[in-house]
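Trainee: I've got the model open and would like to go through it with you, a few residues at a time. Shall we start?

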Amino acid sequence: MRQVITLQTAILPPDTFSGWILYTIGDSSWNPHYIRLYETACAKRGMTICQGLYDPRLLSDWVAVRRLENLLCTKRPQFVINRTRDFRLAQLLESAGIHVFNNAQLCRFGNDKALACAYMQRRKIPVMPTICGLQTPPPWYPAVVKSRGGHGGTEVFYIRDASAWHEWNSQRRLQAAEQAQYIVQQAASELGRDVRVYVVGNEIRAAVLRVSDTDFRSNYCLGGSVRLYELSGEERALVQRAASGLSIGMVGIDFIFHKGQMVFNELEDMAGARGLYSLTDHDIVDDYVDFICKTIANTDTRQHP
């Protein structure tokens, strides 16, 4: 029987406060150690969490969606931690009255760089000059080309000049299966250096500086070095302004540096924390689960005073 969500634990203890943590089938970001952090944080609070695998191909299958609706009736979670990167699933669960972390709006911004940049620009957050699509060459070089839905530094290309642009674009057109949509941005003045700010419940919890001496990308998973970063008062105010219009469970907000100033780069709704855990005993997952627990308790109190 084909299921939109397949739970990895068939039986949960009765009368327990429980939730799901969902990943897309085949997603390389699935990490048993990371899931154990969630299990430990939940157990501290008398909660259980069940892993589930999501098949996005079945979300358009009416019968499969009905099976999911039946599953929500028989094994309804009090909350869902959505690590599928699919805002449509978040919308479906939210429509069933389930607390979803992060919510559908944040999931969209975290998985579409064009939408995230446009949102930050509307809030007067500095963003490098950006073009959506590849219809015309950029008016400035060097440039950075990014797929709108890429993660972990993948599908990101450094374009030094007009000649490199035409060469890269010609190669892309030869790849008939290439379906990615792109944005093009003016390259920042400081390459291979960025800050990831971890925000939980709209509060800044930690910041990590990522640096690469060999690549214009500074991602930890690509070999960049990391250290804790102390935000200045002005930088903290910038991050808080970027986060204030969103309902954040946990995200990483990434900033690059241009002429000595922090500039918004992207929002990661499935923020990895390996770099942070390598530097400190601070348990960001415990912060997140604590926020989830308090959010649900406060909501229940308002509904049932």
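Trainee: Which residue has its backbone nitrogen 3.0 Å from a polar atom of the side chain of His 258?
Mentor: Quick ground rules: this is a predicted model, with local features needing pLDDT of at least 70 and side-chain atom pairs pLDDT 80 or more, while totals for chains, interfaces and linings use all residues. Residues are numbered from 1 along each chain as its sequence is written, and side-chain values use heavy atoms, leaving out hydrogens and water. His 258 lies in strand β13 (residues 250-258), where helices (H or I, at least four residues) and strands (E, at least two) are DSSP runs numbered from the N terminus. The backbone nitrogen 3.0 Å from that side chain belongs to Ser 189.

Trainee: Is His 258 buried or exposed?
Mentor: Buried means under 20% relative accessible area, exposed over 50% and partly exposed in between, with a 1.4 Å probe and protein chains only. His 258 has a relative accessible area of 19%, so the class is buried.

Trainee: And Gly 19, what is its relative accessible area?
Mentor: Look in strand β2 (residues 17-24), where Gly 19 sits. Leaving aside neighbours within four places in sequence, its contacts (heavy atoms within 4.5 Å) are Thr 48, Ile 49, Cys 50, Pro 77 and Phe 79. Gly 19 is buried, because its relative accessible area is 0%.

Trainee: How far apart in space are Gly 19 and Cys 50, C-alpha to C-alpha?
Mentor: In sequence, 31 residues separate the two. In space, C-alpha to C-alpha, the distance is 6.2 Å.

Trainee: On to α1: what arc do its buried residues cover around the axis?
Mentor: In α1 the buried ones are Tyr 34, Ile 35, Leu 37, Tyr 38, Ala 41 and Cys 42. Judged by the directions from the helix axis to the C-beta atoms, they are on the same side of α1, because they cover an arc of only 150 degrees.

Trainee: Which residues are exposed on the other side of α1?
Mentor: Helix α1 covers residues 32-44 and reaches 18 Å from its first C-alpha to its last, close to the expected 18 Å, which is 1.5 Å times one less than its number of residues. On its other side, the exposed residues are Thr 40, Ala 43 and Lys 44.

Trainee: At the start of α1, whose backbone nitrogen does a side-chain oxygen of Asn 31 reach?
Mentor: The Asn 31 oxygen comes to within 2.9 Å of a backbone nitrogen there. That nitrogen belongs to His 33.

Terms used
A polar contact is a pair of N or O atoms within 3.5 Å; within protein, one must be able to donate a hydrogen and the other to accept it, and residues adjacent in sequence count only if both atoms are side-chain atoms.
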